[in-house]
Amino acid sequence: MPLLMRPLWVLSVVSEAYPLVKTGGLADVAGALPAALAPEGVKVVTLMPGYPAVMAALGNAVAHPPEPLFGGEARILAGSARGLDLLVLDAPHLFARAGNPYLGPDRRDWPDNARRFAGLALAAARIGLGALGGWRPHVVHAHDWQAALAPSYLRHAAGSGARPASVVTVHNLAFQGWFPASVAAEIGLPPEALEEAEGGHHGGLSFLKAGLQVADRITTVSPTYAREITTEADGMGLDPVLRARAGVLSGIVNGIDTREWDPARDGRIAVRYGPESIAARGGNKAALQARFGLEADPRAPLFGAVTRLTGQKGSDLMLEALPSLLEAGGQLAVLGSGEAALEAGLRAAQAAHPGRIACTIGYDETLAHQIQAGADMLLVPSRFEPCGLTQLCALRYGAVPLVARVGGLADTVTDATPEAIAAGRATGVVFAPVTAAALAEAIRRAAGLYRDPGVWAGIQAAGMRADVSWREPARAYARLYRAMAGG
Ligand code: ADP
Ligand code: GLC
């Protein structure tokens with residue numbers, strides 16, 4: 001690949017990308033952004049680990065010569081898979097393990113995760129400095145802690161020589177990649193980088209902390225989250241670093257893939273519809289009630305949730321608010337998996353209220369679409385939410401999002417106040433503070449709005465018209481990259 005001034009080349013470094021490997025929204029973003037950036041003149045090449053699923057999907061790859069990497073041999077394979085231009089880090093000693101990219105069969109972190117993801121970051125730095133026959137990206141874009149050491153390796157390897165610009169995107173500050181200080185010896189970090197990584201009550205070192213201190217730019221996935229993480233309340237111990245770097249920190253809200261998520265063309269739902277035919281959703285509601293064993297009642301407000309079952313997502317608050325949901329005549333259909341206690345709580349609620357509350361514990365793309373297409377409201381009571389994608393899908397599908405006023409949820413949903421309803425701007429129900437009581441009150445408020453068909457249709461239509469695509473976010477990333485690469 002030649003080095004061209006235009007287009008602008010970006011090396012996206014990431015540990016998961018839809019549809020190859022996904023545990024959450026990070027994969028959706030990494031999978032969709034490259035295509036969204038193409039019309040902006042930005043070419044994205046994605047560097048990711050050679051997990052078995054990635055190796056199997058890779059077509060016509062060109063192998064670069066192997067190099068030693070943390071106790072084994074690693075090669076870079078250049079190819080493409082499922083529409084992504086890929087550089088795959090083929091390092092079997094680190095990545096030839098099926099299943100979840102981070103966890104072993106015992107559901108615990110792989111014991112060598114420090115080496116695995118430092119290896120990814122080091123490979124990114126080598127590529128950034130021209131290891132692949134002289135091709136150099138203008139920008140190295142590292143996503144989350146798994147890639148966050150890339151700017152550190154780049155800086156320390158390049159010394160005073162030329163290097164590409166670097167940006168770290170924080171998709172979730174809760175995951176900081178902390179390891180015992182002893183791993184430093186294994187991953188070849190220079191002493192300066194080690195200092196940047198050290199600290200806090202953890203007494204070890206954090207990949208994310210290191211990257212945040214040396215990256216040229218930092219982004220996160222919504223403007224509100226960008227502000228929140230500079231505060232002690234929401235900075236998760238890294239707020240001092242983020243405050244010190246506030247001048248280079250910004251928030252760009254995520255989009256969703258509007259071809260993948262298009263109710264007018266979605267082959268996974270019973271009845272297809274658009275903003276002009278919202279009433280046709282009734283068929284999907286009936287199908288969803290049948291699928292979940294809920295009472296076939298077209299008038300009961302049907303709340304849905306598609307979520308990791310965790311404290312972050314407020315799944316415990318949802319359980320606590322169930323009495324109010326039932327009193328309001330509501331039904332609940334949940335698709336999710338996560339913490340055992342929360343899974344058990346949902347199963348118990350389903351057993352206690354058959355026909356009114358139902359859950360499917362697991363991960364199911366098709367069912368996620370069916371919930372978005374059939375539920376009247378989508379619950380997202382997160383305690384913190386960097387951006388959130390399910391409320392964007394909900395907007396697009398006419399499932400009115402009921403969300404906590406935090407992070408990207410606050411930035412993407414407009415509360416149905418009387419003024420917003422009158423102005424045709426209301427797209428959902430937003431509540432604060434993030435407590436079970438406030439959630440219960442929001443559920444009652446949403447059920448009330450639902451029982452006023454004219455108002456409800458207006459909220460649904462405004463949501464479906466909202467631009468949740470990658471167009472504007474891609475423009476914002478393109479502007480950022482160009483500014484970083486020197487115009
Ligand atoms: P996070 O990444 O914090 O989990 P996001 O809202 O950004 O939250 O992204 C979650 C993504 O994962 C969305 O694409 C959502 O549809 C999907 N998802 C979450 N849980 C499930 C599930 N149980 N089954 C199918 N898809 C799910
Ligand atoms: C993280 C966040 C989520 C965000 C996603 C993609 O998983 O929890 O809010 O939407 O990353 O950026």
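Analyst: The shell around ligand 1 divides into five nonpolar, seven polar and six charged residues; Ala, Val, Leu, Ile, Met, Phe, Trp, Tyr, Cys and Pro count as nonpolar, Asp, Glu, Lys and Arg as charged, and the others, Gly among them, as polar. This is a predicted model, in which local features need pLDDT of at least 70 and side-chain atom pairs pLDDT 80 or more, while totals for chains, interfaces and linings use all residues. Residues are numbered from 1 along each chain as its sequence is written, chains are lettered from A and ligands numbered from 1 in the order written, and side-chain values use heavy atoms, without hydrogens and water.

Of the 18 residues around ligand 1, Gly25, Asp28, Arg308, Gly362 and Leu389 come nearest (near: a heavy atom within 4 Å). Strand S14 (302-309) gives the largest share of this shell, three residues, and H1, S14 and strand S15 (331-338) each supply at least two; helices (H or I, at least four residues) and strands (E, at least two) are DSSP runs numbered from the N terminus.

Polar contacts here are pairs of N or O atoms within 3.5 Å. A polar backbone atom of Gly362 is 2.8 Å from a nitrogen atom of ligand 1. Oxygen atoms of the ligand are reached by the side chain of Lys22, through an N or O atom at 2.9 Å, and by a backbone N or O atom of Leu389 at 2.8 Å. Taken alone, ligand 1 exposes 560 Å², of which the protein buries 91% (Shrake-Rupley method, 1.4 Å probe).

Ligand 1 lies between domain 1 (8-255 + 471-484) and domain 2 (275-465), because both give residues to its shell; the domain bounds come from an automatic or database assignment.

Key
A polar contact is a pair of N or O atoms within 3.5 Å; within protein, one must be able to donate a hydrogen and the other to accept it, and residues adjacent in sequence count only if both atoms are side-chain atoms.
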